Amino acid sequence: MKLSQYLLAFLCPIIFLTSCKKNDDEITADTKSTFTMEFENQVNGNPLVLNTNTYKNAKGEDFKINIFKYYVSNIKLSKADGTVFLIPESYFLIDASKSDSEEITLKDIPTGDYTKVEYTIGVDYARNFAGAQTEALDPTNGMFWTWNSGYIFVKFEGTSPQSTATNNALTFHIGGVLDPNNTIRTFSTDINVANPLRIRTDKKPDMHFIVNAGALFTGKTDISFSTLNFTMGGANSVIVANNYANGLFRLDHIHN
Amino acid sequence: MLFLSIALMYACSKNEDKIVPEELKITFSVPSNFPSPAYNFEDNKLTNAGFTLGKKLFYEARLSADKSVSCGSCHQQFAGFTQLDHRVSHGVNNCQGKRNTPPLFNLAWQKAFFWDGGVKNIETSPLNAITDACEMGTDIETIVAFLKNTAPYPNLFNEAFGSSEINTQRVLKSITQFTAVLVSGNSKYDKVMRKESGATFSSVELAGYNLFKEKCSSCHTEPFFTDFSYRNNGLDLVSADEGRSHITGVSTDFGKFRVPTLRNIEYTSPYMHDGRFYSLDEVLEHYNSSVKAAPNLDVRLKNGIKLNDAEREQIKAFLKTLTDNEFIKNTLYSEA
């Protein structure tokens, strides 16, 4: 009897408080809307065309690309006042062979002006070791290592006459989350305050990113395909991740 | 009249259910001498329908490339869910894998899988077997497509997950409802430990247990008879299989393998990661006289483990108390 009275006394203000909060929300009209992110795949300023076009790395070696896929996840938006919104369950796989994967739609975003965007190039630590996943993280996407649990964050396959591998192949499967070979990198960019990402109920802005596949092979370490043409995790993957950490993505413009 | 008979049949089947409710309800039970498990079905609610589907998939040979190999071909119940008499696994097109098939039980307590610990979640551990050219030689898209078009699978998925949608996640989660439920904790050893119904070791078994605690249990730690660490026990001067370093990239892990469980060891021959030994006598002779000075040999083994004939018999007698016939013969886990 006593206990339940205490409980009641304890619960009452909570009920009261939550009802207050509800009211507040209604007053400030906490609305949500949508925006899109578009990833335009390029190689050093030229459009990325799979299988046919020839590109050059920083060492002047020719190469072609057959596969180019990467994860963008845990997208965070920040406002000028410092508030941060992490978009829940934001896991996307961009695949240069699937044009509809190059534009992603983010729903249920609190309206407002955002001045910074940040995301993981790859997949966070926990999901690498989690149980069976779906959608972008479905192992059928060919981005999951079955012998060494974890996702391939960036997958690049192609050819180069300089490659000493069979059929001149280039195989760059970048992933791994354990030190010293952790390849999780984050990309973050400030947005010009004069033209922030304006999310409104009647406006669905579009952020346009340029993605440079050439960034895997330059930036910190210029890679020669005669010495590095194969990596599936490990120290060489770290070299590639350190290269693309800064150069892979660039925010080009925003259509508000 | 028709209605009546249906109603009657219904009543009858109801009654039948009630007669054997214990056998029908699939549960995951933690033996009282075990710690709490790492996998607890939180995101994969255990149900009879989920288990039934998982078991059917486990024994479904049509999932493999040449329709000849199921999980159960390599993981055989009578051998503690390893592959009897095969040094290394034997998959589609008579292909020989590179490693000995590990037994499957008490997996819910494991935090890493495979001999080198490369796989980190029980749910994703079948993927390698499915896609390996030498095991089932297929891919999960093909499996999902097959299941979508093959009765009674859509119905079974509906019963297990509430809709007949079939995808990778559901396939893997239902298989896990089978594999994670496999608990072996009713050996004579367990009953002695739990002081159950007067179970006691014979004097030879007890002598073996004491020797075991002195010489083996620093690695083969109770109650799982492994501490789940990766070690080198001196099989070769230079291991042909990289082992743990394949995953960590660290040279001091070269030639190290997960300490295997010794539960049901009587039935899981051949032994070691490459299945090189067929008998426990060979294993004990290895520890006694053939431990090689591999660069990463575990310090505890640098002088081997000397065992005279009487001691070997005692250790073997003890190891046989780890046999759990209730598990090996449990028809709940058998191919229907």
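Before the first stop, a word on labels: helices (H or I, at least four residues) and strands (E, at least two) are DSSP runs, numbered from the N terminus. Keep in mind as you click that this is a predicted model.

**Stop 1: a loop in chain A.** Select Asn229(A). You'll find it in the loop between strand E14 (206-212) and strand E15 (230-232) of chain A. Is Asn229(A) buried or exposed? Its relative accessibility is 10%, and buried means under 20%, so Asn229(A) counts as buried.

Now show the side chain and look for its polar partners. The side chain of Asn229(A) makes a polar contact of 3.0 Å with the side chain of Thr164(A). The Asn229(A) side chain also reaches a backbone atom, the oxygen of Phe225(A), at 3.0 Å.

Next, bring up the surroundings. Leaving aside residues up to four places away in sequence, Asn229(A) touches Ser163(A), Thr164(A), Ala165(A), Ala169(A), Leu170(A), Thr171(A) and Phe172(A).

**Stop 2: the nonpolar core.** Which residues touch the most other members of the largest nonpolar core? Select Met37(A), Phe39(A), Phe68(A) and Tyr244(A): those are the ones, in a core of 87 residues. Then color strand E4 (residues 62-79) of chain A, which supplies the largest share of this core, eight residues. As background, nonpolar side chains in soluble globular proteins tend to be buried together.

Stay with Tyr244(A) for a moment. Not counting residues up to four places away in sequence, its contacts are Ile121(A), Phe153(A), Val154(A), Ile174(A), Thr183(A), Arg185(A), Ala215(A) and Leu216(A).

**Stop 3: an annotated stretch.** Select residues 33-226 of chain A, which an unreviewed UniProt entry lists as "domain: Copper-binding protein MbnP-like". The span is 48% strand and 3% helix, and its end C-alpha atoms lie 49 Å apart.

**Stop 4: over to chain B.** Switch to cartoon view here: chain B has 14 helices and two strands. Its radius of gyration is 22 Å, close to the 20 Å that the globule rule gives for 336 residues, so chain B is as compact as a globular protein of that length. Zoom out, and the C-alpha atoms of chain B fill a box of roughly 80 × 50 × 35 Å along the principal axes.

Finally, take the contacts in chain B between residues at least 6 apart in sequence: 67% of them join residues at least 24 apart.

Note on methods: Residues numbered from 1 in each chain as written. Chains lettered and ligands numbered in written order. Predicted model: local features only at pLDDT ≥ 70, side-chain atom pairs only at ≥ 80, totals over all residues. Heavy atoms only, no water. Core = buried A, V, L, I, M, F, W, Y, C linked by side-chain atoms within 4.5 Å. Buried < 20%, exposed > 50% of the residue type's maximum accessible area, 1.4 Å probe, protein only. Contact = heavy atoms within 4.5 Å. Polar contact = N/O pair within 3.5 Å; in protein donor to acceptor, adjacent residues only side chain to side chain. UniProt positions renumbered as here; feature names shortened; annotations may be inferred. Rg over C-alpha atoms; globule rule 2.2 N^0.38 Å.
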